[in-house]
Structures are given as structure tokens and as C-alpha cells.
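The sequence and structure are shown first.

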Amino acid sequence: MYPLSPPAIYAHETVAANPLYNARLQRVVAALETPVEPVIFADEDLPRIIGEERLFENCGNMGEMDEVPDPKLVLNTFRFDGKREERTQWLAEAAQVAPSHAEALLGYRPWAWSNYNLEGDPARHDKVCRPCWRLHFQRGCVHKCAYCSLGGVLISAVNAEEWCDNLGRLMDAHPWQETYLLEDDADVPGLEPELGCSGEIIEWFGTRPDRYVIIHTKTWNADWMVDLKHNGNTIIVWSLSADTQSRLIEPVCGTMHERIEAARVAQDAGYQVRYKFKPIVPVRNWREEANEAIDLLFQKTDPDVISLCAFMWHDVESMKRKLPVDLLDPWALQAAEEAGLTPSETRAAPFPDDVRAEIYLHYLREIRKHNPDVPVSLSTENFAMWKRLEGELGCTALNYVCGCGPNATPGRTCLTEHPFKIAEAGPQGDFNAM
Ligand code: SF4
């Protein structure tokens, strides 16, 4: 696992009481760079741990912090007792924390229904993502990407077997969803293989006919997955960045070279690999660096999908606080300053359409020099950008295959059913209450 020196490590009493879960805790503790004695806690201790012990003191936008320590670790178990709402409300009020933090600390929210482009989605019509169930096993990350705020605390469950049992019920109730993203709140290889949970999940998916888990990562850490019985049902999607961005803006993730090498290791072990260039930060020599990354990924691997997404979800001032401004391409920065876009106008802010389109077309044309057929899609972009580029992309906002959506099965090149309509089938309430 990653060399970590967390300021503290907490383990819920249900972890310490179970020999299998406790063994996972002890392996993680033994692998730390700096030894830390785990603190065993009960639910009732959480308000004190959050308040007096300042559990979340190191959380915030990492690019705005002078120093980013490794995250504090919290190991707990998911509970499937139907009390999610009442327990979450108790902790959120008792400790004055966000409900999302309370849920994670109490072992709720093993998955979440993402109602993208359906009734009630606040960003409906501004991004092309498909509605689906998304899986959560952790919240927090060991990487320290400058634009991210998932540092400070890493909460991980340890009861992978129980999680899988309940996930099976969710999957049986939603047969239209073939692929399941694991994680958009974490990067699960960070504690592996010591934690020993991602391997359980991969092997469990290996027993599910025509169902796939998509592990989304920026990691260099892939050796642990080589001998697992994945049975072709695990897809690993690497968020890949070109050299400068990977070293200076995402400093603890694998470098560009290390991520591609990790993908090669996974591919040689039989996993389907794919890439997202996400987020693409236009640094000064972004074109040459993009060419280098694309050249190397095709030298070493054979992805079935590549997705593109420019840096977004920020206004220009927020971007400048988080990213090293002197690294940015003056052309792109000036265009962002002049456009003055904010995420309340479009999630695609701060770079205006012309800048993002130029970035996408450069990447796309470079990819096509190596592979004329691999599906290339825009990730979390809006419908206007898709309309603008669909001729070059060779697919549309409604039929493209993406890196992590609900029907992105290995090797698929085009969706055959409307992604917003197919997802409306099936019960949700019971599973959201877990
Ligand atoms: S890898 Fe993802 S979750 Fe982890 S710090 Fe970077 S952006 Fe955040």
C-alpha cells in the first residue's frame, strides 16, 4: 500500500470485535510508515472525536493548504439495518457535521442513486451523465490532488463480504445496470493489498455473469491485483494526466509513466483497462505533453475506451487559488479570465467552449493517429459541446460509451438503448434507505 504516516487511526468497535475485520485493521496498521496505535471507538464517541479531537481539521481544498498531511484513517463496517436516516440525523446534529460525513462515519451509504438527467437533478441538461447506482466503499483519498478536497480523512469499511451480499440484491433488482463504478469519493487501491477488500470485491464480481465493476483510479499500485480471480468482470479506468500535471498537480498519484505502467500490469493480468484524461489542465506545453502520453499509452496498452474532460466545476478565481498559475497556458488562462464563467452558469466553467473544443480535438486527432476505432467520448461535458463535436467523435451524447457509466461493458462501442429511459425501471427507495 502507499507509504502513509496518518496523524491518527480510528477503528469502530465492530472492526475490533471481528477476527477477519481486525486482521485487516492490523495489516494496515503494520504497513504504516510511522507507527500509530489505533483508537477503538463506539458511535457515542464520534461527537467527541469530531469536536475535541478535531477529526476533520485537515480537510479542505488541498491546493489551498500550505501543507497537506496524510489523511487520518477511520475503519468501520457498513451496516444494513434500515436506520440510515435516523442515525445520520443524530450524528449530524450531535457533532454539527455534514450529513454526508455522518453517513460515512456511521457506515451508511454503501451506494447511491445518481439521478443524472432525471427529474430533480439540479444539473439536468448541463451534463450528459447517465442515471445509475454508484458504489461506495470508502470516502477520502491518500492522493493529494491540488484541485480536490477529499484529503484529510479516509474512511474505509472493512466488511467487504457483507457489502457484496447486499450489493447482489441491489443488482438483482436493477437488471438494466451492467457496470458499476467504484468510486467517485475515493481511490480504493490506496490501502491495498493490506486492507484486502478490493480483492474480495473483484473476485465477487467475477462470480456475477455479465456484471462488471469499474474501478476508477490514478494509482501506481497495481501489483496486488495480478493474481485475483477477476474472471474478466473488472474494468480498471485510469484517470491519466500528462507529465507535468501528473507530477506537480497530482503529486501522490502515480506519474503519467507510472499510471500507464500500472495499466500495463493490469492488462497483462487480463483486466480490461481504459483511460480518462480527466481533468485536463492546459499547462503551457499541453499539446506536446498530450502527444507524449497518448503515444506511451498506445505503446504499452490497448484501452477499449478513452474519455476526455477539461478541468471544470470551478470559476477562474477558485481555479487560480488551487492550481499553480504559472504552469497554466496563458492562452487558456486569458480566455477563462475573459469569459468569467461560473459553475452556476455551467458546470463546464471556467474554460470557454472554444478552449475546451480545441483541447478535445487535439487529443482526439492524436488518438486517431494511433487507433482509428477506439471509442473516444467526452466525460461530464454538456450537450452543446457534444453537438459541436459529434461529427468528429463519431457518436452522440445519447449513444456514446463512456468510461464509467451504467452500460459501459468491455469492448462495447455504442449504446443501443436510450440511457435516460432504460434507467427509470426498478425500485430505488429500499436501497437508498440502507
Ligand atoms: S485521486 Fe481523485 S479522489 Fe484522490 S485526491 Fe486526486 S482527485 Fe481527489
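## Largest cavity

In this predicted model, the lining of the largest cavity comprises six nonpolar, five polar and four charged residues by class. The space in the largest cavity amounts to about 120 Å³. Of the 15 residues that line the largest cavity, Ala104, Tyr108, Arg109, Gln138 and Arg139 lie closest to its centre. Two or more lining residues come from each of the elements α5 (99-106), β6 (138-139) and β7 (153-157).

In total, the model holds three cavities of 30 Å³ or more.

## Ligand shell

Around the ligand stand Met62, Cys141, His143, Cys145, Tyr147, Cys148, Leu150, Asp187 and Lys218. Sorted by class, this shell has six nonpolar residues, one polar residue and two charged residues.

## Packing of α6 and α7

Helix α6 spans residues 160-173 and helix α7 spans residues 198-205. Their axes are 10 Å apart, and the two helices pack at an angle of about 35 degrees. The crossing of α6 past α7 is right-handed.

On the α6 side, the contact is made by Ala160, Glu161, Trp163, Cys164, Leu167, Gly168 and Met171. Helix α7 contributes Glu200, Ile201, Trp204 and Phe205. By class, the contact has eight nonpolar, one polar and two charged residues.

Note on methods. Residues are numbered from 1 along each chain as its sequence is written. This is a predicted model: local features need pLDDT of at least 70, side-chain atom pairs count only at pLDDT 80 or more; totals for chains, interfaces and linings use all residues. Side-chain values use heavy atoms; hydrogens and water are left out. A residue is near a molecule or strand if one of its heavy atoms lies within 4 Å of it. Ala, Val, Leu, Ile, Met, Phe, Trp, Tyr, Cys and Pro count as nonpolar, Asp, Glu, Lys and Arg as charged, and the others, Gly among them, as polar. Axes are lines fitted to C-alpha atoms, for helices over the stretch in contact, and angles run from 0 to 180 degrees between N-to-C directions. Helices (H or I, at least four residues) and strands (E, at least two) are DSSP runs, numbered from the N terminus. A crossing is left-handed if the near helix is turned anticlockwise from the far one by less than a right angle, and right-handed if clockwise. Contact means heavy atoms within 4.5 Å. On a 1 Å grid over the protein atoms alone, a cavity is a set of points where a 1.4 Å probe fits but cannot get out, and a pocket is an open set with protein on both sides within 12 Å along at least five of seven lines; lining residues have an atom within 4 Å of a point. Grid points are joined across faces, edges and corners, and a volume is the space filled by probe spheres set on the points.
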